[in-house]
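Visitor: Please show me the model. I would like to go through its rings and strands.

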Amino acid sequence: MPALNQKTAKPAAQPAARNAPASLASRLAKLGLRTDMDLVLHLPMRYEDETQVLSIRDASLRGGQPCQVEGVVTACDIQYRPRRQLVVTIADDSGQLVMRFLNFYGSQVKQFETGNRVRARGELRHGFFGAEMVHPGYKIVLEGAPLPTALTPVYPAGEGVSQAMLRNAIAAALTRVDWNDSLPPALLATLEWAEPAASFEAAVRLLHNPPSDIDEHALIERSHPAWVRMKFDELLAQQLSLKRAQAARRSQGAAALPVIGELSNAFLMTLPFTLTGAQQRVLSEIRNDLRAGFPMQRLLQGDVGSGKTVVAALAAAQAIDSGFQAALMAPTEILADQHFRKIAAWMEPLGIKVAWLTGSLKKKEKLAAQALIESGEAQLVIGTHALIQDAVQFAKLGLVIVDEQHRFGVGQRLTLRNKGSTNGDVSTPTCSAHVRLQADTATQAGGMPPEFPASPLTLPLQGGGYHVVPHQLMMSATPIPRTLAMTYYADLEVSVIDELPPGRSPIVTRAIDQNRRDEVIERVHAAALEGRQVYWVCPLIEESEALQLQTATDTHAMLVQALPDLAVGLVHGRMKPAEKQAVMDAFTRNEIQLLVATTVIEVGVDVPNASLMVIEHAERFGLSQLHQLRGRVGRGSAASVCLMLYLGPLGGTAKQRLLTMRETTDGFAIARKDLELRGPGEFLGARQSGQAMLRFADLETDQWLVEQARDLAQRLLHDASAASAAIVSAHLARWLGLREDFLRV
Ligand code: ADP
Ligand code: MG
C-alpha cells in the first residue's frame with residue numbers, strides 16, 4: 001500500500017496539509033493511520049445531521065435536541081459578565097437566537113460581522129435573553145448555499161488532527177483503495193446475518209457518508225447492517241489470526257517433557273497437603289501439554305490463595321524429570337524470594353539444584369548464578385526480570401513459568417521465551433525423538449511491529465543449532481472472564497483453579513469511615529494480642545512516589561506510637577531489596593506483628609498467620625488491586641478480616657467498588673464487576689493483548705457475531721482449497737496488516 005506522506009500534499013485546498021504534509025502524516029500515524037486502508041477503516045464514532053435547517057422558531061420547540069438553524073448576524077459583542085465571552089445574535093424570519101462562546105479567537109469576532117449569514121448547529125435552550133446556543137458548531141455561508149445530503153461523520157481525532165483533515169484524508173483514501181471484497185458474494189450469501197447488499201465497499205462508503213434518510217438509530221447503535229458487516233469482518237480476522245497462531249505454534253519445535261519421574265513423585269509425597277481436585281485437574285492439563293512436541297502456552301488462572309505455586313512447581317518437576325531446566329520469573333523481589341525459599345525447601349532435599357537470580361545480587365553472586373544456569377547444573381532457576389538479561393544463557397531451558405503474568409510486558413515475556421536452547425544441543429535421550437523442528441515457520445505472516453526485536457517464531461540457526469521454544473506457563477490471580485480470555489488473548493489455553501484449599505475461613509470485609517480510625521487501631525491491638533498478625537496498607541498516591549513514601553513513614557510512626565507494645569515493621573518500594581527481605585523475614589517469623597506496607601505487598605506474598613488487613617484510603621484503589629491486597633489474609637485457618645478505611649463522601653464507582661468487596665470474595669465475580677466498571681480496554685491493559693484489534697465489535701453485545709465469525713474461520717481453515725486460502729490471506733491482509741504479531745505473545 002502506498003505511503004501516506006506523499007499523498008497528503010495532494011488536497012491543496014487544505015492549508016494545514018500544505019504547510020506541513022510530513023507532520024500531518026506523522027500525526028495521523030499516531031492515530032494508527034498509516035495506509036489508505038487504515039484511513040478507510042477509520043470509521044466515524046458518531047454523526048451530525050447537517051442536512052436540514054430549521055427555522056429558529058421550530059428549533060426552539062425542539063426542547064434541547066441538537067439542530068441546525070441559519071440566520072443573519074444582527075449583533076456581535078464581547079461581554080465580561082459573568083466572565084469574558086463572545087455573544088452573537090442572529091435572526092431569521094421567525095425569530096432570533098443568541099450564540100455564546102466562552103473561548104474564542106479574535107478571528108472569530110471578525111467572522112461575525114453584521115449581515116453575515118451563519119449556519120449554527122447545537123442544542124437550543126431558553127436562557128434569560130431568549131433562545132440561545134452555547135458553543136454551537138457554525139459555518140459562515142452564502143445565501144442559498146446547498147445543504148449536505150449525507151450525515152456528517154465525526155471521527156475519533158487526535159492532537160493536531162482536525163475533523164476536516166480526517167474527512168479530507170479519508171475521502172482521498174476512499175478513491176484509491178482496492179475495493180475487492182475479501183468475502184466473495186457466494187460466501188456472503190451463506191451467512192444468515194448478511195444482507196445481499198452488505199458488500200465491504202457498500203458498507204464502508206455508507207458508514208462514511210450515510211444518506212440523510214438512513215435509520216439513524218441503527219447507525220448510532222451500530223446495529224445497521226453496514227456496521228454488522230464491519231464487526232463481522234473484524235471478528236473474523238481476529239478468529240482467523242488466532243487459529244493461525246495456534247497452528248503456527250503447533251508446528252514449532254519444543255522439547256517434549258514426558259517424564260513424570262522420581263522428582264515429581266517424591267515431591268508429591270513430601271508435600272504436607274494433598275492437592276485439591278481443581279489443582280489435580282489443572283495439573284493434568286499441564287502435564288498433557290508438556291508431553292507434546294510443540295510449545296505449551298497456557299494461562300493458569302486461580303484466585304489469590306488458590307495454590308498456583310505448587311502446581312507450577314510440579315510442572316517444573318516434570319521438566320527436570322525429563323532432563324530439562326525450568327525457569328520461574330516473578331515480578332518483584334519479594335515474591336521471587338518467597339518462591340525461591342518455598343520451592344527450594346521442597347526441592348533441594350530431593351537433590352535438585354535451584355539457582356536464584358535477581359538484579360540486586362552482587363556481581364560475583366550473579367556471575368556464579370549465571371555459570372550454574374549456563375552449565376545446566378542449576379535445574380531450576382527462580383528470579384525476577386534479571387532472568388531475561390542478555391548475559392543469562394540457559395543450557396537447556398524446557399519450561400518457562402511466569403508468575404503474575406499481567407505484571408510483565410509483552411516484550412519481557414517474549415524475551416524469556418526466546419531463551420530456549422540455542423546451541424543445538426537438544427539431543428538428550430529423553431527428548432530427541434520428540435523434538436520437531438521446522439525452520440520454515442519463520443516465514444509466517446507479515447513483519448513485526450517495530451518495538452519487537454525479532455519474531456518469536458524465528459528459529460535462529462547460529463552455530464548450526466536450532467532454537468527450541470520452551471513451554472510456557474503463565475499464572476495470574478487476576479481472573480479474566482473466559483470469553484475475554486479467549487477472544488482477547490492470542491492463542492492461549494486457559495486452566496482455572498476454581499477451588500480454594502480446604503480449611504480456609506471466609507474473609508469478613510468491612511468499609512469504615514476513616515474518622516473511626518481509633519477503633520480500627522484498637523482492633524489491630526486486640527488481634528495482635530491474640531497472636532495474629534496484621535497488614536496495614538498505606539494509601540496509593542499515584543501522582544507522587546515521594547508523597548507515598550512519606551505517608552508510609554508517617555503511618556508507621558503513628559502506629560509505633562499508638563501501639564507501643566507491638567513490634568511494628570515497615571516495608572516499601574524504595575527500600576533496598578536486602579532491607580525489604582529482612583523485614584519480610586521478620587514478619588514471616590512472627591517477630592513483627594504489624595506490618596505497615598505500601599502496595600509492594602499487593603502481589604503474591606504468603607504469610608498464613610496474617611489474618612487482619614487494614615487498607616487506608618481504600619477508595620483510591622482499583623477493584624482488582626483491593627482484591628489482591630485482601631488476598632494476603634485468609635491464607636491460614638484463622639478467621640480473617642479486611643477493613644477498608646475510606647475518606648467520604650464516596651463517588652459513584654468508588655462506592656460500587658467497596659460494596660463489591662464487601663459482598664463477595666469470589667475473584668471471578670470481582671473481575672466481572674471490574675470489567676463492568678472500567679471497560680475491557682483498561683481492564684487488560686493495551687500492551688497485553690490483541691485488544692487493539694477490536695475497534696468496532698463489542699464482546700458483550702456482539703457475542704452472537706463472535707460465534708458466527710468463529711464458525712466461518714473454522715470452515716475456511718478446514719477447507720483445503722486454494723480459494724479458501726486466498727480468502728483467508730486477503731481478509732487478514734486487509735484487517736490486520738502488521739498488527740497480527742501482537743497476538744502471538
Ligand atoms: P496463589 O495461587 O495465590 O499463588 P499460593 O500458591 O501462594 O497461592 O498458595 C497459598 C497457600 O496455600 C500456600 O501457603 C500454599 O502452601 C497453600 N496450599 C496450596 N495448595 C494447598 C492444598 N491443596 N492444601 C492446603 N494448602 C495448600
Ligand atoms: Mg502466587
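Guide: A charge sits over a ring if NZ of Lys or CZ of Arg is within 6 Å of the ring centre and within 35 degrees of the ring normal. This is a predicted model: local features need pLDDT of at least 70, side-chain atom pairs count only at pLDDT 80 or more, and totals for chains, interfaces and linings use all residues. Residues are numbered from 1 along each chain as written, chains are lettered from A and ligands numbered from 1 in written order, and side-chain values use heavy atoms, without hydrogens and water.

Visitor: How far is the charged end of lysine 396 from the ring centre of phenylalanine 324?

Guide: The charged end of lysine 396 sits over that ring. Its distance from the centre of phenylalanine 324 is 4.9 Å.

Visitor: Which residue in strand 4 is the bridge partner of valine 88?

Guide: Strands are DSSP runs (E, at least two residues), numbered from the N terminus. They pair if DSSP finds at least two bridges between them. Strand 3 and strand 4 run antiparallel, joined by seven bridges. The partner of valine 88 is methionine 99.

Visitor: Phenylalanine 101 and tyrosine 138 form an aromatic pair; what is the angle between the planes?

Guide: Rings of Phe, Tyr and Trp (its six-membered ring) pair if their centres lie within 6.5 Å; planes under 30 degrees apart are stacked, over 60 edge-to-face, the rest tilted. This pair is edge-to-face, 5.6 Å centre to centre. The angle is 75°.

Visitor: How many residues apart in sequence are the parts this pair ties together?

Guide: Phenylalanine 101 lies in strand 4. Tyrosine 138 lies in strand 8, so the parts are apart by 37 residues.

How values were computed: Helices (H or I, at least four residues) and strands (E, at least two) are DSSP runs, numbered from the N terminus.
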